[in-house]
Amino acid sequence: MEFFAKSGSAEKQKTGCLILGVFDSRKLSAQAQLVDELSDSYLSTIVRSGDMEGKLGQTLLLHKVPNLNCDRILLVGCGKEREFEVSKYQKISAKIIRILDETGTSDAVNGLVTLNVKNQDLYWKIRFAVEAANDALYRFDQLKSKTSEARRPLKKMTFLIESRADLTQSELAIEHANGVSKGQSLTKDLANLPGNICHPTYLAECAQELAESYDNFSVNVLDEAELKAMGAGAFVSVSQGSEQPGKMIAMEYMAGGKDDKPLVFVGKGITFDTGGISLKPGAAMDEMKFDMGGAASVFGLMKAVAEMKLPINVVGFVAAAENMPASNATRPGDVVTTLSGQTVEILNTDAEGRLVLCDALTYIEKYDPELVIDIATLTGAVIIALGHQASGLMSNNNPLANEIESAADMTHDRVWRLPIWDEYHDQLKSNFADFSNLGGRPAGTITAACFLSKFTKKYRWAHLDIAGTAWRSGAKKGATGRPVSLLSQIVLNRANKAS
Ligand code: BES
Ligand code: MN
Ligand code: ZN
């Protein structure tokens, strides 16, 4: 779908569908009032009749409203005017796409961007209307033998803004949102693909494709033999039990100054996590195809940044491996030497994410990073702690944590910070190596991050545990595309600051 912005008055719009807001209770928005006047009180009569109270998410489709040039009007309930905020706006933006999708209209004019959303400006309103729309339009049907000929006639949405002077920021918002959405779709596609298709080699090919499609974009792939020779013993201990060769994939997007240190994003790319010899129980094990959600979000971020052509240096680094049980797989109790030289007693082969990440986090020291953020479906415990709303945030640097929290506020791709105090490190003690990869049941998300923090002392670092936010289970099973919006915002904010 294509998005545009234009200035004009609501009551004069010639379109398949004009979208207008109504607040609870029964209060027409300013634009709706203008339409009401021209249509001889058509809207106010309907509202008074009780068919549209303005409750959040309520919708009413009207045809042939008198004296107007539009074929339809979609009235959208926005809830209480004073409580109209970010999450409600995003919810409505997705809802109207689903409603319009079921009508015969191919274009729509959206007036909702003139409504007041708490603390947000026009750029934000347009940006997140587009992101929400693209998110709602996403389908994953590439593996069905017959793709359901999507009856999706909606082709064009135009945001109706108040003044021509706002056109530039509106168009920038659309451009940014389209970039982020393209990244998010890639993230969802990769995460939704099953382990028999999306293996480490597939991810490496995907990275090559990105490098061919964009300027300033290059890729370097390290194979398992090189990694072994280099001394990445923790990574290899996870990958060795699989027929699928593990890979570390470095995507470098260098559109910033030659001497600008890069922002480095590291993704956990376990393309399937059986648990290894510490085998997982069978129930819902299929969902462990999503265990490369962190890597998928790094791919999505790289695509988004390249689409937006941001003038900045960003490295996306993915540690891709499959965690399988086999006769040559790592046993509980095995001791391995990490790329950093520190030794680890592997008490549970299902705590594999931290093992592939620790070597990646050591390897990327070579970039002399400005900051490092790793993204990983690392622990089931984060779902117990934060559910499916917030990603877990842990960091060794307060300003970086604050920077991430404010990008999360803006995108509503939320995070919640957990501590990684020294005291928690005691849970990783080992009798046989420098430390173990297992912290026990208490604070499992934190001890996983404490493990990683032993490899990130040389730079500003934050860790996002996205096990609860990267995908949905149940009837709507599938990747969410999180936290691409958040990561893109972090980079956007940095790029804005620099320019
Ligand atoms: N990929 C899992 C984490 C996970 C579990 C994500 C459930 C989403 C849903 C990770 O590799 C894992 O198995 N973690 C273990 C760690 C434990 C053995 C210390 C876990 O969370 O149980
Ligand atoms: Mn695991
Ligand atoms: Zn895992």
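Ile373 is buried, because its relative accessibility is 0% (buried means under 20% relative accessible area, exposed over 50%, partly exposed in between, with a 1.4 Å probe and protein chains only). The model is predicted: local features need pLDDT of at least 70, side-chain atom pairs count only at pLDDT 80 or more, and totals for chains, interfaces and linings use all residues. Residues are numbered from 1 along each chain as its sequence is written, chains are lettered from A and ligands numbered from 1 in the order written, and side-chain values use heavy atoms, without hydrogens and water. A zinc ion (ligand 3) and a manganese ion (ligand 2) lie 3.1 Å apart, with Asp273 coordinating both. The whole structure holds 22 salt bridges.

**Around Ile373**

- Ile373 sits in strand E14. Helices (H or I, at least four residues) and strands (E, at least two) are DSSP runs, numbered from the N terminus.
- Setting aside neighbours within four places in sequence, Ile373 is in contact with Val264, Phe265, Val266, Ile404, Ala462, Leu464 and Ile490. Contact means heavy atoms within 4.5 Å.
- Leu393 is 20 residues from Ile373 along the chain, and their C-alpha atoms are separated by 9.9 Å.

**The zinc ion (ligand 3)**

- Its protein donors are Lys268 (NZ), Asp273 (OD), Asp291 (OD) and Glu352 (OE), at 2.0 to 2.4 Å. Donors are N, O and S atoms within 2.8 Å of the metal (3.2 Å for Na, K and Ca); water is not among the atoms, so sites may look incomplete.
- Why is the arrangement octahedral? The six donor atoms around the zinc ion (ligand 3) subtend angles of 78 to 175 degrees, which makes it so.
- The cut-offs for geometry are these: six donors count as octahedral, and four as square planar, if opposite donors are over 155 degrees apart and all others between 65 and 115; four count as tetrahedral if all angles lie between 85 and 135 degrees; anything else is irregular.
- Along the chain, the donors of the zinc ion (ligand 3) follow the spacing K-x4-D-x17-D-x60-E.
- Distant parts of the chain are linked here: Asp291 is in the loop between strand E10 (263-273) and helix H9 (293-307), while Glu352 is in the loop between strand E13 (343-345) and helix H10 (353-363), 61 residues apart.
- Asp291 and Glu352 are buried.

**The manganese ion (ligand 2)**

- The protein donors are Asp273 (OD), Asp350 (O), Asp350 (OD) and Glu352 (OE), at 2.0 to 2.2 Å from the manganese ion (ligand 2).
- Six donor atoms subtend angles of 71 to 168 degrees around the manganese ion (ligand 2), so the arrangement is irregular.
- The donor spacing for the manganese ion (ligand 2) is D-x76-D-x1-E.
- Asp273 lies in strand E10 and Glu352 in the loop between E13 and H10, so this pair ties together parts 79 residues apart in sequence.
- Asp273 counts as buried because its relative accessibility is 2%. Glu352 is buried, with a relative accessible area of 0%.

**Arg72**

- Arg72 is found in strand E5 (residues 72-80).
- Arg72 is buried yet has no salt bridge, and the nearest side chain of opposite charge, Asp71, is 4.4 Å away. A salt bridge is a side-chain nitrogen of Lys or Arg within 4 Å of a carboxyl oxygen of Asp or Glu. Lys and Arg count as positive and Asp and Glu as negative; His and the chain ends are not counted.
- A polar atom of the Arg72 side chain lies 2.9 Å from the backbone oxygen of Gly16.
- Beyond neighbours within four places in sequence, the contacts of Arg72 include Gly16, Cys17, Leu61, His63 and Thr105.

**Salt bridges**

- Glu83 pairs with Lys88 in a salt bridge, with the closest N and O atoms 3.9 Å apart. Glu83 is partly exposed, at 42% relative accessible area. Lys88 is partly exposed, at 21%.
- Asp368 and Lys261 form a salt bridge at 3.6 Å, N to O. Asp368 lies in the loop between H10 and strand E14 (371-376) and Lys261 in the loop between strand E9 (247-254) and E10, so the pair ties together parts 107 residues apart in sequence.
- Lys477 and Asp286 meet in a salt bridge at 2.8 Å, N to O. Lys477 lies in the loop between strand E19 (471-472) and strand E20 (478-479) and Asp286 in the loop between E10 and H9, so this pair joins parts 191 residues apart in sequence.
- Glu370, Glu403, Arg460 and Arg494 are joined into one network by salt bridges that share partners.

How values were computed. A polar contact is a pair of N or O atoms within 3.5 Å; within protein, one must be able to donate a hydrogen and the other to accept it, and residues adjacent in sequence count only if both atoms are side-chain atoms.
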